[in-house]
Amino acid sequence: FNYQQVSFLTSAPDITALPADTGIEVAFAGRSNAGKSSALNTLTRQNSLARISKTPGRTQLINTFTLAENKRLIDLPGYGFAKVPLAVKEKWQKSLSEYLEKRQSLKGIVVLMDIRHPLKDLDQQLIFWAVQSNLPVLILLTKSDKLGPGARNKIVLEVREAAMAFMGDVRVQAFSSLNKFGLAEFEQVLDEWFNS
Ligand code: GDP
């Protein structure tokens, strides 16, 4: 699959404004600063497809991109800002769980986490909802260049072990946008979902 053939489709203020629910889409989610924009840019070989370093706390849009006829990438807003009001957090949680549950075209979700801070509460919540909706999950452990091979492998094994508790299709891959570690494996999982 050629992820370079990507173009911006829409920005939606919420899930009700997403493109028509047809074809296949794959969503990207993660705590703010997890490296989601960098991973999207690395995957698509673009420099600024997804803006890097967004203003904390500002209302964020769901950005959607087209890869091919009826094949989309969905960039969900980053979560985990301490300063976001509770009501906003709750609204986000409700709409996200609804999106995972109801979206027919959604074939998988990539959950990005800094390899040094994996599986925070909201990450686990998200994975729980995804598994409940029978949605396959790829945990991408980002910024793996920050660790040596020994420490990296140890965390991958620990997260794989922890991921078994979700009792679903939850895969774990170390990744780096800096040195492209894990990019081929990341693409392989996406290929599988887009061809499902
Ligand atoms: P987002 O908020 O999840 O979209 O995260 P960004 O992609 O904006 O990245 C947050 C910060 O982490 C930025 O300073 C990036 O330069 C840095 N970053 C992202 N990916 C990597 C990586 O693979 N390696 C390293 N060393 N830094 C990264």
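Author: Let's start with β2 and β4, which run parallel and are joined by five bridges; strands here are DSSP runs of E of at least two residues, helices are runs of H or I of at least four, and both are numbered from the N terminus. Two strands count as paired if DSSP finds at least two bridges between them. Within that pairing, Ala27 sits opposite Ile74 in β4.

A word on the source: this is a predicted model, where local features need pLDDT of at least 70, side-chain atom pairs count only at pLDDT 80 or more, and totals for chains, interfaces and linings use all residues. Residues are numbered from 1 along each chain as its sequence is written.

β2 also pairs with β5, again in the parallel sense, over six bridges, and there Ala29 faces Val111. That Val111 stands opposite Ile139 in β6 as well, and β5 and β6 run parallel with six bridges between them.

Six of the seven residues of β2 are buried, so the strand is largely enclosed by the rest of the structure (buried means 20 or more other C-beta atoms, placed from the backbone, within 10 Å of the residue's own).

Zooming out, the whole thing is an open, mixed sheet of seven strands, ordered β1-β3-β4-β2-β5-β6-β7. β1 (7-12) and β7 (170-174) are the edges, each with a single partner strand, so one side of each has no neighbour in the sheet.

Note on methods: Buried ≥ 20, exposed ≤ 12 C-beta atoms within 10 Å, placed from the backbone.
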